[in-house]
Amino acid sequence: MSNSIYPDSMYSAVRDLVYLEADLLDRRGWDQWLDLYVDDCVYWVPSWASEDELTEDPELEVNMIYLKGKPSLEARIYRIQSGLSYATSPLARTSHLVDTIRLLNETSETVEASAKWMTLSSDPRWGKQIRGGWDDFQLRQTNSGLRIARKKIVLLESAIDGAVDIHQI
């Protein structure tokens, strides 16, 4: 589907990156997934402050997840792979569905985009879980192509039943 405001090539590049990220999480391609992020990235899952408002400052307010910098993502992946994470032991099988990808803004260096998602997780402890929400991306042009500089993941749930980790959203 063409995005009439932005060139088809940019829309395709953003779409392909978003789809690749989801697929790598499902297939547990952790190293390739990490390669999609820039070194100074931000990965943020804000909490709901009220029925209608999300927290706005990840540095000063409670978050579901807040990881700043690629070393934080690498540490999270280490915990997932090592079995040292309660939220991921045993590791749930997942299937991410991503759609409604929109380009919001583009400069010579960055692209802002959003996408809607649903994830089915099959976890031996919690059974089947379906979660949904939307992502707000800031993507950066690099020598390797578009990479994720900032990802804000909005979970529709305000109360979590079970555990949530980066591969489940």
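Buried means under 20% relative accessible area, exposed over 50%, and partly exposed in between, using a 1.4 Å probe and protein chains only. Keep those words handy for this tour of a predicted model, where local features need pLDDT of at least 70, side-chain atom pairs count only at pLDDT 80 or more, and totals for chains, interfaces and linings use all residues. Residues are numbered from 1 along each chain as its sequence is written, and side-chain values use heavy atoms, with hydrogens and water left out.

Our theme is the salt bridge: a side-chain nitrogen of Lys or Arg within 4 Å of a carboxyl oxygen of Asp or Glu. The whole structure holds nine of them.

**First stop.** Select Arg15 and Asp16, whose side chains form a salt bridge at 3.1 Å, N to O. Asp16 is partly exposed at 40% relative accessibility, and Arg15 is also partly exposed, at 24%.

**Next stop.** Pick Asp23 and Arg27, a salt bridge with its closest N and O atoms 2.9 Å apart. The two sit four residues apart in helix H1 (residues 8-27), about one helical turn; helices here are DSSP runs of H or I, at least four residues, and strands are runs of E, at least two, numbered from the N terminus. Asp23 is partly exposed at 32%, while Arg27 is exposed at 64%.

**Then.** Select Arg131 and Glu157, which meet in a salt bridge at 2.7 Å, N to O. Arg131 belongs to strand S5 (residues 127-142) and Glu157 to the segment after strand S6 (145-155), so this pair ties together parts 26 residues apart in sequence. Arg131 is buried at 3%; Glu157 is partly exposed at 22%.

**Last stop.** Show Glu21, Asp135 and Lys151 together: salt bridges link them in a network.
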